[in-house]
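This report goes through one structure part by part. Please look over the sequence and the model before reading on.

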Amino acid sequence: MSPVSAAIILVTVLATSFLSGIFGMAGGIIFMGVLAALVPVATAMIIHGAVQMVSNGYRAYLWREHIDWTIFRRYALGSVAAIGLLFALSWRPDTQMVYLMLGLVTLLVWLPKSVADLDIQKRFQAEGAGFVVQALNTVAGVAGPLMDQFFVNTAMTRHQIVATKAVTQVLAHFVKIIFWSVPVIMASGIKVLPPAWLILAAVPLSMLGTTLGGKVLDRMSDLNFKRGMKYLVTAVGVVLLMRAAGWL
């Protein structure tokens, strides 16, 4: 990995962790898009998973008193089923497919409630979220906008949404790291994995961005939080779809 690529990745970690610290999403999508442009898909997934696991873990720690552990346990049940299916299929997309899936996922924030009345607090919906979000996060790298569909219509506060989503995504990214690193290690050994120093350098930047984003979150209203989340993610999605089409 060139010094320029490493520098771009580290700056992106700080900026996207700040965004995720505010909205609990969006940052991960941008980070995945940047990584896919700089390194092979498998390497991008492993780096993204490691950094996002730390970022979400730290975010969950900051807002730990707001985590809904009942929802997390139900979500984890659905994740287990998805994990079994993914390892059985062993399908892994290429770079263009990753951009396409990321772009399409972002558009889910505009899905009408009449089409899919999603609410993670309702019966069986946390389990369903665990299955579909875990599956998409593992193969596409990010599933934040899909996960958001299960939260946007709940009665939860912005702090509860960010905290509960964060702890579910720790699990999601941990699985993604295993899914993408195992075949790489089996084929070429650990020497082809991303350099440890890059991950170590990214960790404090991720924590700093998350902390700064949390300060902004404290000053937002629940209404502005949910409204801003939709427009930000949509803008990112348009860019990713243009990238998938080869227009950027």
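## Gly-103 in helix H5

Gly-103 has a relative accessible area of 0%, under the 20% limit, so Gly-103 counts as buried. The model in which this is seen is a predicted one. Gly-103 belongs to helix H5.

Leaving out residues up to four places away in sequence, Gly-103 touches Gly-237, Leu-240 and Leu-241. Its C-alpha lies 9.7 Å from that of Ala-235, although 132 residues separate Gly-103 and Ala-235 in sequence.

## The largest pocket

The volume of the largest pocket is about 180 Å³. It is lined by 11 residues, and those closest to the pocket centre are Ile-30, Gly-33, Val-34, Val-239 and Leu-240. Two elements give two or more residues to this lining: helix H2 (27-38) and helix H10 (222-244). H2 has the largest share, with 5 residues.

Sorted by class, the lining of the largest pocket consists of 9 nonpolar residues, 1 polar residue and 1 charged residue. Leu-240, named above as one of the residues closest to the centre of the pocket, is also in contact with Gly-103.

## The nonpolar core

The largest nonpolar core holds 69 residues. Phe-31, Met-32, Ile-120, Phe-150, Phe-151, Trp-180 and Phe-225 have the most contacts inside this core. Helix H8, which covers residues 158-188, contributes the most to the core, namely 9 residues.

What does Phe-150 touch, not counting residues up to four places away in sequence? The contacts of Phe-150 are Leu-118, Asp-119, Ile-120, Gln-125, Ala-129 and Val-132. Ile-120 is itself among the residues with the most contacts inside the core.

## His-173 in helix H8

His-173 is located in helix H8. Is His-173 buried or exposed? Its relative accessibility is 3%, so His-173 counts as buried.

Helix H3 runs over residues 41-62. Its 22 residues should span 32 Å at 1.5 Å a residue, and the end C-alpha atoms are 31 Å apart, which agrees. H3 is mostly covered, as 16 of its 22 residues are buried.

Helix H9 runs over residues 196-218. The buried residues of H9 are Leu-198, Ala-202, Ser-206, Gly-209, Thr-210, Gly-213, Gly-214 and Leu-217.

## Leu-205 in helix H9

Leu-205 is part of helix H9. At 25% relative accessibility, Leu-205 falls between the limits of 20% and 50% and therefore counts as partly exposed.

Not counting residues up to four places away in sequence, Leu-205 touches Leu-10, Val-13, Leu-14 and Ser-17. Leu-205 and Ile-83 are 122 residues apart in sequence, and their C-alpha atoms are 30 Å apart in space.

## Phe-124 in a loop

Phe-124 sits in the loop between helix H5 (95-106) and helix H6 (125-140). Its relative accessible area is 57%, over the 50% limit, so Phe-124 counts as exposed.

The phi of Phe-124 is near 70 degrees, which is a positive value in a residue other than glycine. Most residues other than glycine have a negative phi.

Notes: Residues numbered from 1 in each chain as written. Predicted model: local features only at pLDDT ≥ 70, side-chain atom pairs only at ≥ 80, totals over all residues. Heavy atoms only, no water. Core = buried A, V, L, I, M, F, W, Y, C linked by side-chain atoms within 4.5 Å. Buried < 20%, exposed > 50% of the residue type's maximum accessible area, 1.4 Å probe, protein only. Helix = DSSP H or I, 4+ residues; strand = E, 2+ residues; numbered from the N terminus. Contact = heavy atoms within 4.5 Å. 1 Å grid on protein atoms, 1.4 Å probe; cavity = no way out; pocket = protein on both sides within 12 Å on 5 of 7 lines; lining within 4 Å. Points joined across faces, edges and corners; volume = space filled by probe spheres on them. Nonpolar A, V, L, I, M, F, W, Y, C, P; charged D, E, K, R; others polar. Expected span 1.5 Å × (residues − 1).
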